[in-house]
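This briefing sets out selected structural features of the protein shown below, grouped by topic.

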Amino acid sequence: MGAIIDQNAPTSTLRIVVIGLGMVGLSFIEKILEYDTVKRYKITTICEEPLVAYNRVGLTQYFSHRNVDQLLMKPEQWYKDNNVSILMHQVATKINTNLKTIESASTLDINSSTATVTTTPYDICIVATGSNALLPPARFVAGLDLPGVYVYRTIDDLNLIIERAKAAKNAAVIGGGLLGLEAAKATLDLGLKTTIYERNTQVLARQLDVEGAAMVLREIEKLGISHNMGNPPVAFMAEPSGPNDGGEPSYVSKVKLEDGSVVEHDMVVFAIGVSPRDKIARDSGIDCHARGGVLVNDFLETSARDVYAIGEVASYADFTYGLVAPGYDMAEVVARNLTRDVNSKSLGKVHQPRRFTSADMSTKLKLLGVHVASFGDYFANSNDVQELTYRDPFDVVYKKYIFTKDGKHLLGGMMVGDTTDYGKLLAMSKSKKSLQIPPSELILGVKPGQAQGSEDLPDDTQICSCNNVTKGQIKSAVRTKGCSSIGEVKTCTKAGLGCGGCVPQVGEIFEAELKAMGKVIKQNLCPHFDHSRTELYQIVKVKKLKSFVEVMLHAGKNRRAIGCEVCKPAIASILASLFNDHVLDHAPLQDTNDRFLANIQRGGTYSVVPRIPGGEITPDKLIAIAEVAKDFGLYTKITGGQRIDLFGAKREDLPVIWERLVKAGLESGHAYGKALRTVKSCVGSTWCRYGLQDSVGFAIFIENRYKGIRAPHKLKGGVSGCVRECAEARSKDFGIIATEKGYNLFVCGNGGAQPKHAVLLVSDASEADCVKYLDRFLMFYIATADRLARTSKWLEKLEGGIEYLKKVVLEDYLGICDELEKQMAYLISTYQCEWKTVVDDSERRQQFRQFVNTDDTQNGIEFIDQRGQKRPADWPKEGVQLPPSPVSPKMDPFDGGISKEWICVGRTGDFKIDAGQTIKYGDVQIAVFHLSNGSWYATQNMCPHKRSMVLSQGLLGDSVPAAGDDKSIAQPYVSCPMHKKNFGLQDGKCLSSGDEDKYQIQTFDVKVAEGDKVYLRLPPVKELNEVLATGKVMIHAQDSQGKFEWQTSIEILQPSSCETSACGNKELDW
C-alpha cells in the first residue's frame, strides 16, 4: 500500500486527476468529496466525450425520451458547485510517471500533426477509462467497416442507430448477452424486424443455464424477435455502388453466417462484450494484462506509484469486470484509503487500509419484459452441491437454487419470470449462515397476496444491483442524511436510478426507517386533506356528505380551497360508490373522461365503447355499431376485452352517436371510468366440447350485475368454462373458473405492465355463493383501497393477505358482510345507463358543445388515412422541429403595443361553475374558467406540451403553500387532461416540476359587466390568429416528417419539447 497523506499536515493542496468521466469515475469523485472533510484534494477530470458522466445502465431508455439531460448522473453545474475541474473533449494520451504529469489532446484534432498537447500535473492519478465495445477481429469477419454496422455503447452510437432506423427495415443484433437483448428491444421499438445472432447455443450464457435461457428465448419469440443461436456472422456485404452513388460506399445489406447461408439485413448492431481501454497505460509503461486491462493489486494500485486503476479498465486477479457495481466497489476502496487518516481520527482509532478482494457479480434485470436474476455462485458444479429446480412454463417461471449437499447453506441461484425473492436470497447466500428453514420453502418464494417484507433483510443486502446500493446505505440516507422522500433517497444513494426495478423495495425500506425513527408516515390523499382515501370514504359515509363542497367543509384543511386534480376525481368516485348519483351531477370533479363519458385520445377526440356483456352480441347490434362508425368516420378496432372500440369521435358528436347506439339497445361500456369494464368469457358448455358450465351466461349475468359501479380503480372480470382457462380469468380482478362441482372464485389479479395471477378465494362454489362472495369482496375493496390501487396491490398491502381476506369475506370475521351486501344491492338497484340519461336530457346534451359562443366546430389535429381508416397524425418524434410555440416563458407576444378591446363572449350562465368552457374568436380557441369562489380566468385552449386543444376540459385546482409558509397564497391552476401539466391561471406559467422553463400559456383579462355578460380583453382577430390560430398550431402530418414551415410577423422563442418524467405521469394510470 502506498503512502497515505496526512491531511492535517501543513502542506499544499494535493491534485487528483481522474482520467475518464464515466459512472465509476464520477462515483470516485463523489466519494472523495464526501470523505475529504478537510478539503485537501483538488480534483480535475479529463473527459473524452462531449458529455459529463451519464447513466450507461439506463442507456436503452434514451430511445424512448431522447433527452441527454435525463441520462446525466449529475448536471454540469454540480461539478462547478463542487470545484471539480473538467477538461472536456480531451483524450489523455500519456502518463509521465516520473514527472507526474498527464498529456492530453483535443478529440477534435487528435489525429492532426499540429494537435495542441495539454499537460496536467498530478499527485494522485486515477485511471477510469472504462472499456470499448468489442468487435471481432477484421481478419476473421469481413465488412465491419461498412456503413450501417454499429456498436451499442455510447449516446453517439445510439443516435447513429436512430438515424439509420429511418431508412432501414431489417436489423441484425450480434450478441445474446444482457446488452444484446437490450439492443434487440431497441431496434424492435424503432420499427425494425430484428434477429439476434449469438455464437453460443443460448442467450444470457453468463447468467443462466440452458433451461432458463430457453424460457427467456421463448418469451423473446413472442415479441416477434427472431434468433439464430450457434451460427454467428462471418462477413457483412453491401450492394456494389452504382454510378449515381457519388463514390460513397453502400450500406450493409447482407450477412453471411458461419454455416454459409446469407441473410438480408440493412442494419447491424454489435453487442458482444467490451474490451478494457488500457492504451494510455500501455503507452505509459504501466503493466497490463496480456488479454487487456491494467494490472492492479488489492489496493487498486498499478505498477506506477500513485497511479490507480478502477472500473472496467482494471484487471484484478486476472479478471476484468464488465459491470458497474464492481467499479463502484473499487472507487470506494481507493477513496477510503486516500482519506483514511481523516476517517481514523474521526473514529478515534486507526483505520486499516481497505482491500478489494472480489466483487459480487449478482444481477437482477428486466430484459424484453422478462425478469431475470442470478446471485451467488449460480454456476457451482461439483459433487458437493445439490440443485433444487422449479419450472412453470405457463406462468413463465424458472428457478434453480444451489445448496450444499446437506441443504444447510444456500450458495447461489438463478431466476426467470419471478425475481421477487432476489434480495432475500442474495443476502442469504452472502451471509454464509445456516438455513433455518427447509430449502423447499425458498423455491416457492413469497406467498400469493403477501408483499415481500424488507424488515428481516440484513443491512448488507444489495437492494440496487445496478448501482450496488445496500439496505444499510438506504437506511443511512434516511437516518443520518435527512432524506425525507423517495426522490431524495434516490439522489443521495443512486438506488433506483438504473433500471428502476428496485424502487418498490427502496420505498419499503424508506417507510420502515421513518417508522423506526418515530416519524408518522402520512397516506394523505393530497395536500388539501389530512386524511387518506379510505378515511375520507368513511367520513363521507357516516356524515352522509353529498358534494365536494360539503366534504371540503367537514374534512378539508381549508374550507375555501378549490381542490386539485388528485382529490376531485377521488371524492367523485367515493360519492358515486356510496350514493350512485349520475356522474355528471358532479361534472366539475370529473376528469375529462368521466366529464364527457368517453376516453380522450390524441388530438382531443374521444373513443366510444358500447357494453357487450360477456362478449356476446347480436348481428343487429353489430350492424348498428358498424353504421355509426361508418356515418361518423370512426376508426374501428376490437379490444382485448371482447368489445368494439370506435375512435375519433368529436365531443359535440357524442350525444348523437350514443342516441343511435342506445336506440339499438346498447349501453355505456364505462371504458372511461374507474368502474367495471368487462367480464370476459369463453363459450363454455354452450358450444365447447370441454365446457363444464355455461360461462357465457354467467359472465353476462355478472357483468350486468356490477356494471356502472365506481371503484378506486378499473375492474375487470372473467369466466372460464373449464380449467383450460380460455377467458384468462386469473389475470383479472376477479376470475371464475368452472369445475364439475361449481366454480372456483379467484380474486386480485391483473394484466398490464406488472401482471399478477389472481389467487383462490373459494373453490367449488355455486353460482349463488360466487355472487354473494363477489358482492362482499368488491364492496370491501371499494371501502378500504387507496386511490388508484388495483385489487392486486390492495391485497399485497392488506395485513394478513389472502387468508385475512378469506376470513372477512367467507367467515364474516368483522361482522360487516350484511352491510357490504346491502350497499352492493343499493348500487345495483340504482343503476342507470349514464349515456341514456344524457341522451334523454337536452340540458345535459348542451354540455358537449365544442364552443359556447358558436355552433362552429374545429378539428384539433390533422387526420390521415391508414389501412382504409382515419387516424390522427403522429406526434412528432424527438428531434423533429415543431412549429414555434405561441408563448414562451420569456416573452408575451401581445406586449408590444398591440391594442386590445373588450369582446363579449357569452353570458355567465353559459359557463359552468368550477369548470372550463371554450369560446372561438377568429380561428383561435380560448378557454374560459369560472371558479367556485366567483373569480374568472381565460387562457389559450392549447396545451403547449403536445399542442392539443384541451385545457378547457382540465380540472381546476389551487396550490397549497408549504407548511410554515405564511407569505405564499394559493394559486389557481388548470391541469391539462392529456398529461397532467399544470398551468397557473393568473400568469400562465407551467407549475409542473422540471417544466417551469419549458412551457407557458397566454392568459387574457376577463370581466363580467352589464349584469351577466362575460367579456374578454383581446387583441384584434388578425394578430391573435397570427399566433394562436388552430389551423397553424395544431399537429399536422408533415410535423412528424420534417421541419414545419410557416412564418409569423412576431418573433417567438421556442422552448424545448417535454422530455421529463412529468410527461404522462404513469402513476395516474388512465
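**Strand pairing and overall make-up**

Thr120 in strand E6 is the bridge partner of Ile102. The model is predicted, so local features require pLDDT of at least 70 and side-chain atom pairs pLDDT 80 or more, whereas totals for chains, interfaces and linings use all residues. Residues are numbered from 1 along each chain as its sequence is written, and side-chain values rest on heavy atoms, with hydrogens and water left out. Helices (H or I, at least four residues) and strands (E, at least two) are DSSP runs numbered from the N terminus; two strands pair if DSSP finds at least two bridges between them.

**Whole protein**

- The secondary structure comprises 31 helices and 49 strands.
- Of the 1070 residues, 53% count as buried, where buried means under 20% relative accessible area, exposed over 50% and partly exposed in between (1.4 Å probe, protein chains only).
- Among contacts (heavy atoms within 4.5 Å) with a separation of 6 or more, 64% involve residues 24 or more positions apart.

- Strand E5 (residues 101-106) is mostly covered, with five of its six residues buried.
- E5 runs antiparallel to strand E6 (residues 117-121), and five bridges join the two.
- Strand E4 (residues 90-96) is also antiparallel to E5, through six bridges; Lys94 stands opposite Glu103 in E5.
- Four residues lie between E4 and E5 in their hairpin, and Lys100 in the turn has a positive phi of about 55°.

**Five-stranded sheet**

- Five strands form an open sheet in the order E21-E22-E25-E24-E23, with antiparallel pairing.
- Strand E21 (363-367) and strand E23 (385-392) are at the edges with a single partner strand each, so one side of each has no neighbour in the sheet.
- Neighbouring strands of this sheet are turned by 10° against each other on average, direction ignored.
- Helix H11 (residues 422-431) packs on the sheet and touches E21, E22, strand E24 (397-404) and E25; the direction of H11 makes about 15° with that of E22.
- Axes are lines fitted to C-alpha atoms, for helices over the stretch in contact, and angles run from 0 to 180 degrees between N-to-C directions.
- Strand E22 (residues 370-376) and strand E25 (residues 410-416) run antiparallel and are joined by five bridges; Ala373 stands opposite Met415 in E25.
- E23 and E24 are likewise antiparallel, with eight bridges, and Arg391 has Tyr398 in E24 as its bridge partner.
- The hairpin of E23 and E24 has four residues between the strands, and Val396 takes a positive phi near 55° there.

**Four-stranded sheet**

- An open sheet of four strands has the order E28-E29-E31-E30, and its pairing is antiparallel.
- The edges are strand E28 (599-600) and strand E30 (635-638), each with a single partner strand, so one side of each is left without a neighbour in the sheet.
- Two bridges pair E28 with strand E29 (residues 606-608) in the antiparallel sense; the bridge partner of Ile600 in E29 is Tyr606.
- Helix H20 (residues 619-631) packs on the sheet, touching E30 and strand E31 (644-649), and its direction makes about 20° with that of E31.
- Helix H21 (residues 654-663) lies across E29 and E31 and runs at about 5° to E29.

**Helix packing**

- The axes of helix H24 (residues 767-784) and helix H26 (residues 801-810) come within 9 Å and cross at roughly 120°.
- H24 and H26 are therefore oblique to each other; angles under 35 degrees count as roughly parallel, over 145 as roughly antiparallel, 65 to 115 as roughly perpendicular and the rest as oblique.
- Tyr773, Arg776, Phe777 and Phe780 in H24 meet Tyr804, Leu805, Val808, Val809 and Leu810 in H26.
- The contact of H24 with H26 comprises eight nonpolar, no polar and one charged residue, where Ala, Val, Leu, Ile, Met, Phe, Trp, Tyr, Cys and Pro count as nonpolar, Asp, Glu, Lys and Arg as charged, and the others, Gly among them, as polar.
- Helix H18 (residues 567-579) and helix H27 (residues 817-829) have axes that come within 8 Å and cross at roughly 95°, which makes H18 roughly perpendicular to H27.
- Ala576, Ser577, Leu578 and Phe579 of H18 make this contact with Gln823, Tyr826 and Leu827 of H27.

**Leu338**

- Leu338 lies in helix H9 (residues 324-338) and is buried, with a relative accessible area of 4%.
- The C-alpha atoms of Leu338 and Arg354 are separated by 10.0 Å, the two residues being 16 residues apart along the chain.
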